[in-house]
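Work through the following exercises with the sequence and the structure open beside you. Try each task before you read its solution.

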Amino acid sequence: MRDSAAAPMACLVMFLLVSQIHISSKSALYATTTSILSKAGKYKNEKVMGRQLAAKQINCDRSHVQYDICTINGRTVLDPTTTTFFLVEPTQAIVEKVRPYPRKWEASVMGRIKEVSLISGPPSPSCQVHHTAPALVFSAGGYTGNVFHDFNDGFIPLFITAKTIFPDGNFVLVVQNCRRWWESKYKELIHRLSKHPMVNLGESNATHCFPYAHVGLISHGFVTINATLMPSLLNLTHFRGFLDSAYARNHPSPSPSPSTTRPRLVVVTRSGSAGRCILNQDDVNDAAREVGFDVTLFHPTPTVSLREAYAVINSSHAMIGVHGAALTHLLFLRPGSVFMQVVPLGLAWVAEACYGHPARELGVQYMEYKIGKEESSLADKYGNGDAMVNDPTGVRGKGWPTEIMKVYLKEQNIKLDLVRFRRHLEEAYDKADTFMQKEG
């Protein structure tokens, strides 16, 4: 499993890269993909973004910052031993290769993603397993194992792609780098996405044939869905509804024992060498109880099932935690509930990009507690007058080298000013209590 620091690091690097790329129209960025893929394997000659697209048996869209996506338009046979799709009735010689993971801009991680080949020309092998539905191919490699990336680079792009291309759910998931823990942990989501059994490329030697295949996932950015690019204006709240359908409605799970008069607060805790730990956590928990909350501590580990996490967080009225991958669980909060992110020194803008903006998209009441320099352990290490403490933006400059990121992400711990933090807790309590009175 990936270290939790990988999430904000990767988020930081991507933010820096994308923010330096001028995009005159966000809609134009995705127009090619949406127009091409909506054909669901049936192409015509047409103009997209001013370019004439010829009808081809294999088409690839490589115009996006975050991903490439390719389609083999016709009956195809997959050889899982070489990760190659062969067109059954080729009319022209074409070879395309694509790495089906939506972090194209990050060479270091993409180098670990195996290429999928799409070939028109040589005879295809014989078919051993027949599928009546098309294939959707993606990789569960890269940063998978870190919950932020499991959703940001995995299930949210998968939801976007499936709803854009296969809104009826009639497709077969073909998964590269599919480890058994991943399949077990996310089985409810996998089963809700597709009507058909999944194909694990790592465990299959037989050839599979499909009526056509799409390779790659569409991403709209950090933990987000751009409704203007989606059929029926689907957005992040619809993804949250998808999570609800997997973990609640059709699969009831036991709820924590609720108190009837106190809003339930989930406190996401950190420990060990991950950094960004609250050093006076017990005092913070006591302050939350004194304010009026019924406090539940939530320390996500690889052994905590998502159904358990959903039951705890979905039944709460508020959640608080320090910026880090575990805050991805805000996806389980009910619209109208309260989410407070504790933001360490140097991480304000990435905290907003990764969790602040998504929280507001979900209809959650978002609050921030930006720590002061006296609350950061970096003040003890470097001194109050050091630029690392006083001017994180200046230290970062136009980029942010790994050694600087590690200071803010792994070397920094927090001792909250309880007088100041209590005022934020009181505000969160008022909001959460109002929500509880309205929604239960």
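**Exercise 1.** Does C209 count as buried or exposed, and why?

*Solution.* Before starting, note that this is a predicted model, in which local features need pLDDT of at least 70 and side-chain atom pairs count only at pLDDT 80 or more, while totals for chains, interfaces and linings use all residues. Residues are numbered from 1 along each chain as its sequence is written, and side-chain values use heavy atoms, with hydrogens and water left out.

Begin with the cut-offs: buried means under 20% relative accessible area, exposed over 50%, and partly exposed in between, using a 1.4 Å probe and protein chains only. The relative accessibility of C209 is 12%, so C209 counts as buried. Apply the rule next to two further cysteines: C178 has 10% and is therefore buried, and C277, at 8%, is buried as well.

**Exercise 2.** Find how many disulfides the structure holds, and describe each pair.

*Solution.* The structure holds two of them.

Step one concerns C127 and C209, whose sulfur atoms are 2.2 Å apart. The torsion about their S-S bond is about -70 degrees, so this disulfide is left-handed. C127 lies in the loop between β8 (116–120) and β9 (129–130), whereas C209 belongs to strand β13 (residues 208–210), so the bond ties together parts that are 82 residues apart in sequence. (Strands, E, at least two residues, and helices, H or I, at least four, are DSSP runs numbered from the N terminus.) C127 has 23% relative accessibility and therefore counts as partly exposed.

Step two concerns C60 and C70, with sulfur atoms 2.0 Å apart. Their S-S torsion is about 115 degrees, so the disulfide is right-handed. Since C60 sits in strand β3 (residues 58–61) and C70 in strand β4 (residues 69–72), the pair ties together parts that are 10 residues apart in sequence. At 24% relative accessibility C60 counts as partly exposed, while C70, at 0%, counts as buried.

**Exercise 3.** Locate D68 and list what D68 is in contact with.

*Solution.* First, D68 is found in the loop between β3 and β4, and its relative accessible area of 15% makes D68 buried. Next, leaving aside neighbours within four places in sequence, D68 is in contact (heavy atoms within 4.5 Å) with D61, R62, V98, K104, V215 and G216. Finally, the C-alpha atoms of D68 and P100 are separated by 7.2 Å, although these residues are 32 residues apart along the chain.

**Exercise 4.** Which residues touch the most other members of the largest nonpolar core?

*Solution.* A nonpolar core is a set of buried Ala, Val, Leu, Ile, Met, Phe, Trp, Tyr and Cys residues joined through side-chain atoms within 4.5 Å. The largest core has 101 residues, and those touching the most other members are F151, F155, W182, F239, F293 and F339. Helix α4 (residues 147–165) gives the most to this core, namely 10 residues. Taking F155 as an example, and not counting residues up to four places away in sequence, we find that F155 touches D150, W182, Y186, L189, I190, L193 and F239. A second, separate core of 20 residues includes F85, I94, V137 and V172.

How values were computed
A disulfide is a pair of cysteine sulfur atoms within 2.5 Å.
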